[in-house]
Amino acid sequence: MAETDGEDIEDLPPSAKLVFKVLEYDGPLTQKQIVEESMLSARTVRYALERLEEIGIVDEDIYFADARQSLYRLEEPVAADGNGVEETPKKDACCAE
């Protein structure tokens, strides 16, 4: 997981963890869409997004369909060599050790 200034996703409040999971499952969303999906209040979602942005987990982009809104997405993890996404090798369920 991303870590900045000693803070990690595990250290965040439950609302921020829920917003993280909503973005993880449903991809880039506006704040309004996150409110609808998570059933949290708009203020709580705003606070959660601020916390996630502070530790570098969430990125805010322009939402081209409505420039008054922002589009929030999870930052892509970077491989140790700095090239693209680091993927963990997948094990076959039948051959797990």
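Is Glu-24 buried, partly exposed or exposed? I looked it up in the predicted model: Glu-24 is partly exposed, at 38% relative accessible area.

**Entry: the Glu-24 neighbourhood**

I checked for a charged partner next. Glu-24 forms a salt bridge with Lys-21, and I get 2.7 Å between the closest N and O atoms. The two sit three residues apart in helix α1, so about one helical turn separates them. Lys-21 comes out as partly exposed too, at 35% relative accessibility.

**Entry: helix against helix**

While on α1 (residues 14–26), I looked at how it meets α2 (residues 31–38). The angle is about 105°, and the axes are 10 Å apart. That makes α1 roughly perpendicular to α2, since 65 to 115 degrees is the range for that label. From α1, the contact uses Leu-18, Val-19, Val-22, Leu-23 and Asp-26; from α2 it uses Ile-34, Glu-37 and Ser-38. Sorted by class, I have five nonpolar residues, one polar and two charged.

**Entry: the sheet**

Then I went through the pairings. β1 (residues 29–30) runs antiparallel to β3 (residues 70–74) over two bridges. Leu-29 has Tyr-72 as its bridge partner in β3, and Thr-30 stands opposite Leu-71. On the β2 side (residues 58–62), the antiparallel pairing with β3 has five bridges. There I noted Asp-59, whose bridge partner in β3 is Arg-73.

**Entry: Arg-73 again**

Which residue forms a salt bridge with Arg-73? It is Asp-61, with the closest N and O atoms 2.7 Å apart. Arg-73 is in β3 and Asp-61 in β2, so this pair ties together parts 12 residues apart in sequence. Both ends are partly exposed: I read 31% relative accessible area for Arg-73 and 27% for Asp-61.

**Entry: other salt bridges**

My count comes to four salt bridges. One of them joins Arg-68 to Asp-66, with 2.9 Å between the closest N and O atoms.

Key:
Residues are numbered from 1 along each chain as its sequence is written. This is a predicted model: local features need pLDDT of at least 70, side-chain atom pairs count only at pLDDT 80 or more; totals for chains, interfaces and linings use all residues. Side-chain values use heavy atoms; hydrogens and water are left out. Axes are lines fitted to C-alpha atoms, for helices over the stretch in contact, and angles run from 0 to 180 degrees between N-to-C directions. Helices (H or I, at least four residues) and strands (E, at least two) are DSSP runs, numbered from the N terminus. Angles under 35 degrees count as roughly parallel, over 145 as roughly antiparallel, 65 to 115 as roughly perpendicular and the rest as oblique. Contact means heavy atoms within 4.5 Å. Ala, Val, Leu, Ile, Met, Phe, Trp, Tyr, Cys and Pro count as nonpolar, Asp, Glu, Lys and Arg as charged, and the others, Gly among them, as polar. Two strands pair if DSSP finds at least two bridges between them. A salt bridge is a side-chain nitrogen of Lys or Arg within 4 Å of a carboxyl oxygen of Asp or Glu. Buried means under 20% relative accessible area, exposed over 50%, partly exposed in between (1.4 Å probe, protein chains only).
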